[in-house]
Amino acid sequence: MVLLSFDIEEFDMPLEYNGEISFEKQLSISQKGVERILDILKKHQVKATFFSTVVFAENSKDLIVRLLNEGHELASHTWFHSEFEESHLKKSKERLEELFSVKVTGLRMPRMMPVSKNAVEDAGYSYNSSINPTFLPGRYNNLKVSRTYFNEGNVIQIPASVSPNFRIPLFWLSFHNFPFFFYKKLASDVLKKDKYLNIYFHPWEFSEIKDTAFKLPAFTVKNSGKEMVERFDEFVSWLKSKNYSFGTFQEFQKQIK
């Protein structure tokens, strides 16, 4: 099974690089990206999981309703993208459930930040996909964490996919910067070895973010915007040609229990 997921959030990355962007622009860029993502998923009739911050959801209700109506899963990306308190785990879950009358069972922390396993369980989540089991300088070193899903108390941890050899991450930056044939080979290797592929993206990758005011490094904007739309569309087509199935995290969780 292919687990496509999208961290839908206010596009605050320029602030990390001392760039300039208004809150309204943060929202509009991500909203445009979500529209483009949903169009691609609808074209191919595949399901995905959307991890949303409460801030983005409250300001994008029509888009959340659309993704739910089209069969996708809504999960929590906590309350804010750049600010976190442990209490946000439960509050964000409850707020998303209140806003959209759905059961929220999954969590992904912004920027894959570490989080207390007990706090995640106490907040009522049944799965957590907040681990990238690789080494990324300046971010994390998870080389000793399991590459594949594992139980931690009553919560199933579902790490992002990395290659069986050398733990090369298949996350969004790899998708943008690796030669396409090499990324597809890594995806094939993971699917053969693990029988599933867990990869994540962001809506702003599908929008126009090559703005000098944002001060973003070249490696973060390469193959973004319409290039990303075309690249992702081709990738989903390729996966479908290989007869892989697609599903939400909730559907995957039912299969592995």
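**Helix packing and pockets**

User: What makes α2 and α10 neighbours in contact, and which residues meet?

Analyst: In this predicted model, Arg36, Ile40, Leu41, Lys43 and His44 of α2 meet Lys226, Val229, Phe232, Asp233, Val236, Ser237 and Lys240 of α10. Contact here requires heavy atoms within 4.5 Å.

User: How do you class the residues of that contact?

Analyst: They divide into five nonpolar, two polar and five charged. Lys and Arg count as charged, for example. Arg36, Lys43, Lys226 and Lys240 are among the residues that meet.

User: Why are α2 and α10 called roughly parallel?

Analyst: Take the angle. The axes of α2 (residues 23-44) and α10 (residues 226-241) cross at roughly 25°. Angles under 35 degrees count as roughly parallel. The pair is therefore roughly parallel. The axes come within 11 Å.

User: What is the hand of the crossing of α2 and α10, left or right?

Analyst: The crossing of α2 and α10 is right-handed. That label requires the near helix to be turned clockwise from the far one.

User: Which residues make the contact of α8 with α10, and which hand has the crossing?

Analyst: The crossing is right-handed. Phe180, Tyr183, Lys184, Ala187, Ser188 and Leu191 come from α8. Arg231, Glu234, Phe235, Trp238 and Leu239 come from α10. By class, there are seven nonpolar, one polar and three charged residues. Tyr counts as nonpolar, as does Trp.

User: What is the volume of the largest pocket, and which residues are closest to its centre?

Analyst: The volume of the largest pocket is about 380 Å³. Met13, Arg111, Arg139, Trp172 and His202 are the closest to its centre, out of 26 lining residues. To count as lining, a residue needs an atom within 4 Å of a point of the pocket.

User: Which helices each supply at least two residues of that lining, and how does the lining divide?

Analyst: α1 (13-16), α7 (172-177) and α9 (218-221) do. The lining has 15 nonpolar, four polar and seven charged residues.

User: What lines the second largest pocket?

Analyst: The second largest pocket has a volume of about 230 Å³. It is lined by 15 residues, and Met113, Pro114, Val115, Ser130 and Ile131 are the closest to its centre. The lining has eight nonpolar, four polar and three charged residues.

Note on methods:
Residues are numbered from 1 along each chain as its sequence is written. This is a predicted model: local features need pLDDT of at least 70, side-chain atom pairs count only at pLDDT 80 or more; totals for chains, interfaces and linings use all residues. Side-chain values use heavy atoms; hydrogens and water are left out. On a 1 Å grid over the protein atoms alone, a cavity is a set of points where a 1.4 Å probe fits but cannot get out, and a pocket is an open set with protein on both sides within 12 Å along at least five of seven lines; lining residues have an atom within 4 Å of a point. Grid points are joined across faces, edges and corners, and a volume is the space filled by probe spheres set on the points. Helices (H or I, at least four residues) and strands (E, at least two) are DSSP runs, numbered from the N terminus. Axes are lines fitted to C-alpha atoms, for helices over the stretch in contact, and angles run from 0 to 180 degrees between N-to-C directions. Angles under 35 degrees count as roughly parallel, over 145 as roughly antiparallel, 65 to 115 as roughly perpendicular and the rest as oblique.
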